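Here are my notes for our chat about this one. Have the viewer open while you read, and click on each residue as it comes up.

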Amino acid sequence: MRSILIGLDIGTSSCKALAVDENARLLASASEEYPCYAPKPGWSEQDPADWWRGARAALSRLMRKIEPSRVKAIGLSGQMHGMVALDAQMQVLRPAILWNDQRTAKQCEEITRAAGGPEGLLRLTNNAMLTGFTGGKIAWFRENEPELYAKCVKIINPKDYMNYLLTGELATEVSDASGTGFYDVAHDCWSSELLGILGISENLFAPVKNSTESIGKISKEASELTSLPENLPVVAGGGDAVLSAVGMGLEEAWQLAVTLGTSGVVARHVPAFFKNEGAKLQFSRACLPGLFHVMGVTLSAAGSYQWLESILGDPRLASRSERYKALDEAAAASPPGANGALFLPYLSGERCPVNDADATGCFLGLRGQTSKGDLARAVLEGVAFSLRQAYDLMADATGPAKRLILAGGGAASPLWRQVMADAFALPVVTLEAGDEGGSFGAAILAGLGAGVWDAPAQALGQLRVKSETLPMEEHLALYSERYEVYKRVYPAVRGL
C-alpha cells in the first residue's frame with residue numbers, strides 16, 4: 001500500500017492542503033480563502049481563528065478525496081514573519097501582524113542602532129532588520145500595546161500556531177526562527193546577545209526544531225475537526241518562502257530557484273555559511289538539514305507585467321489570460337534588447353540588491369518608434385535583470401549555478417522563460433509540481449520526517465521536468481551588454 005503525505009500551507013489569502021504519494025506525485029488538493037485586514041494605512045493583519053477555520057475546511061475536503069489509512073504524516077508551511085502573541089492560557093491576544101505590514105520602520109531602525117549599526121547586526125544575525133521581520137513587530141507591540149505585551153508569554157509564527165492547534169505542542173523550526181531577525185543563523189540558536197541588548201527574554205520564543213523533525217501527533221480534538229487520523233505524526237515544516245525552494249526541487253548549490261510571482265524570489269541552498277555583505281540578501285537556515293537558504297527578493301516582478309497590462313492590455317479581450325497572451329505576442333515581435341527600451345521594475349520600492357523603500361520604476365531609451373511590444377519586452381527583461389542582480393550576489397559568494405528552476409505565474413510564459421534563460425545564461429526548467437509552493441514542500445518534509453524517503457535526493461529526484469528552455473547563444477552578448485547598462489541606471493536616477 002503506497003504511502004500518502006499531506007502538506008498544509010497557511011498563506012496570506014488562503015490555505016491550501018494537498019496530498020502526494022511516495023513518488024512525489026500530486027494526488028489531490030483543496031483550499032479555503034480567508035480575509036486580510038488593513039485597520040490603518042500600511043498595516044496588514046489577520047485573525048488566526050480564520051486560519052484555523054480555513055485549515056479545518058481544506059483538510060476535511062482533502063481527506064474525502066484520499067484513503068486515510070495510507071496517510072503517514074503531515075507537514076506545515078506558512079507565511080513567514082507574522083506575529084502571533086499568546087497569553088499564559090495559549091489564547092491569542094491580538095490580531096496577527098503580517099509579513100507585509102509596514103508599521104515598524106522606527107522600531108527596525110532602533111534595533112539596528114542598539115545592535116551597533118548594520119555591521120553589528122550582521123555580526124549577530126547575518127541579516128538586516130527588515131520591516132517584514134517579526135523582530136520589529138515585537139518591538140512595536142511592546143512600545144504601543146504595553147498592557148497586552150505584559151500578558152504575552154509566547155510569540156510564534158502562523159504555521160507554528162496551526163501546529164499547536166493540531167498537536168497541543170508549541171514549537172518552531174529553523175527557517176521561521178531565522179525570519180524573526182533575532183536568530184543567530186551561523187550558530188543555529190537565538191542570538192542571546194541581541195535579545196539581551198533589547199531586553200527581550202529568549203523564553204518568549206518556542207523551542208526550535210529542524211524542519212524535518214516531528215513535533216507531535218494529531219490530537220483527538222483536532223482529528224475530529226479536520227478528519228486527519230488521530231496520532232498522525234506532525235512534522236515541523238517551514239516558512240513558505242524557504243520551503244517553496246524544497247518543493248521546487250532545490251537541494252544542491254548548483255541549482256537556482258526563481259519564483260515569478262507578484263514579487264520575484266531568487267533562492268539558493270548552500271552548504272556553508274558566508275557573510276551577507278551589505279545585508280542585501282536574506283540568509284536563513286534551510287528546511288533541509290545541514291544547508292543554508294539564501295534569498296533575494298524583487299518586490300515587483302510579475303506585478304510589473306500586471307501593471308503594464310492594466311495600462312496597455314487590449315480591453316476587447318474578455319479575460320486577463322487572453323490579454324497577457326496578446327501582450328506576450330507583441331513583446332515577441334520586439335527583438336532582444338527591446339529596440340533600446342529599458343525598464344527599472346521598482347514600482348513598490350525595492351529590497352534586493354537595492355534596499356530602498358523609496359526607489360521608483362522608470363522606462364529609459366524611448367524613441368518615437370518605440371512600440372507597445374518594445375515596452376512589454378523591456379518589462380520582461382528589466383525584471384529578469386533585477387533578479388539576475390540577486391543571483392550575482394550569491395554567485396560571488398558560492399560560485400555559479402548550472403540550472404535555473406522557474407515557478408510562479410510568470411513561468412507560464414514561454415517568452416519570459418526564454419528571456420530568463422538568456423539573461424541568466426542558464427538552462428531554465430519548470431517542474432510539474434513546481435507551482436504548488438509551500439504545501440508541496442511541506443509534504444516532502446513530512447515524508448522525510450516519517451521515513452518514507454531516506455534522504456532529500458530520494459524524494460526530489462522523482463520530480464519531473466515539465467519544460468526546458470536553453471539560452472540562445474546569439475542573444476548572450478547583447479543581454480550581457482544590456483545588463484551592464486541596467487546596473488548603472490539606479491545609481492543615476494536615485495532620489496528622482
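1. Histidine 81 isn't a glycine, yet its phi is positive, at about 75°. Keep in mind that this is a predicted model.

2. Now for a pair of helices. Two packed helices are described by the angle between their axes and the distance between the axes. For α11 and α12, the angle is about 95° and the axes are 10 Å apart. Since angles of 65 to 115 degrees count as roughly perpendicular, α11 is therefore roughly perpendicular to α12.

3. Which residues in α11 and α12 meet? On the α11 side, they're Tyr305, Gln306, Leu308 and Glu309. Facing them from α12 are Arg320, Arg323, Tyr324, Leu327, Asp328 and Ala331. Sorted by class, this contact has five nonpolar, four charged and one polar residue.

4. Stay with those helices, and you'll run into the second largest pocket. α11 (302-312), α12 (320-332) and α14 (414-424) each give at least two residues to its lining. The largest share is from α12, with four residues. Tyr305 and Tyr324 turn up again here: along with Gly409, Gly410 and Ser413, they lie nearest the centre of the pocket.

5. How many residues line the second largest pocket, and how much space lies in it? The lining has 14 residues, and the space comes to about 300 Å³. By class, six of the lining residues are nonpolar, six are polar and two are charged.

6. Last stop: salt bridges. The structure has 24 of them. Arginine 61 sits in helix α1 (residues 48-63) and glutamate 32 in strand β3 (residues 26-33), so the pair links distant parts of the chain, 29 residues apart.

Notes: Residues are numbered from 1 along each chain as its sequence is written. This is a predicted model: local features need pLDDT of at least 70, side-chain atom pairs count only at pLDDT 80 or more; totals for chains, interfaces and linings use all residues. Side-chain values use heavy atoms; hydrogens and water are left out. On a 1 Å grid over the protein atoms alone, a cavity is a set of points where a 1.4 Å probe fits but cannot get out, and a pocket is an open set with protein on both sides within 12 Å along at least five of seven lines; lining residues have an atom within 4 Å of a point. Grid points are joined across faces, edges and corners, and a volume is the space filled by probe spheres set on the points. Ala, Val, Leu, Ile, Met, Phe, Trp, Tyr, Cys and Pro count as nonpolar, Asp, Glu, Lys and Arg as charged, and the others, Gly among them, as polar. Axes are lines fitted to C-alpha atoms, for helices over the stretch in contact, and angles run from 0 to 180 degrees between N-to-C directions. Angles under 35 degrees count as roughly parallel, over 145 as roughly antiparallel, 65 to 115 as roughly perpendicular and the rest as oblique. Contact means heavy atoms within 4.5 Å. A salt bridge is a side-chain nitrogen of Lys or Arg within 4 Å of a carboxyl oxygen of Asp or Glu.
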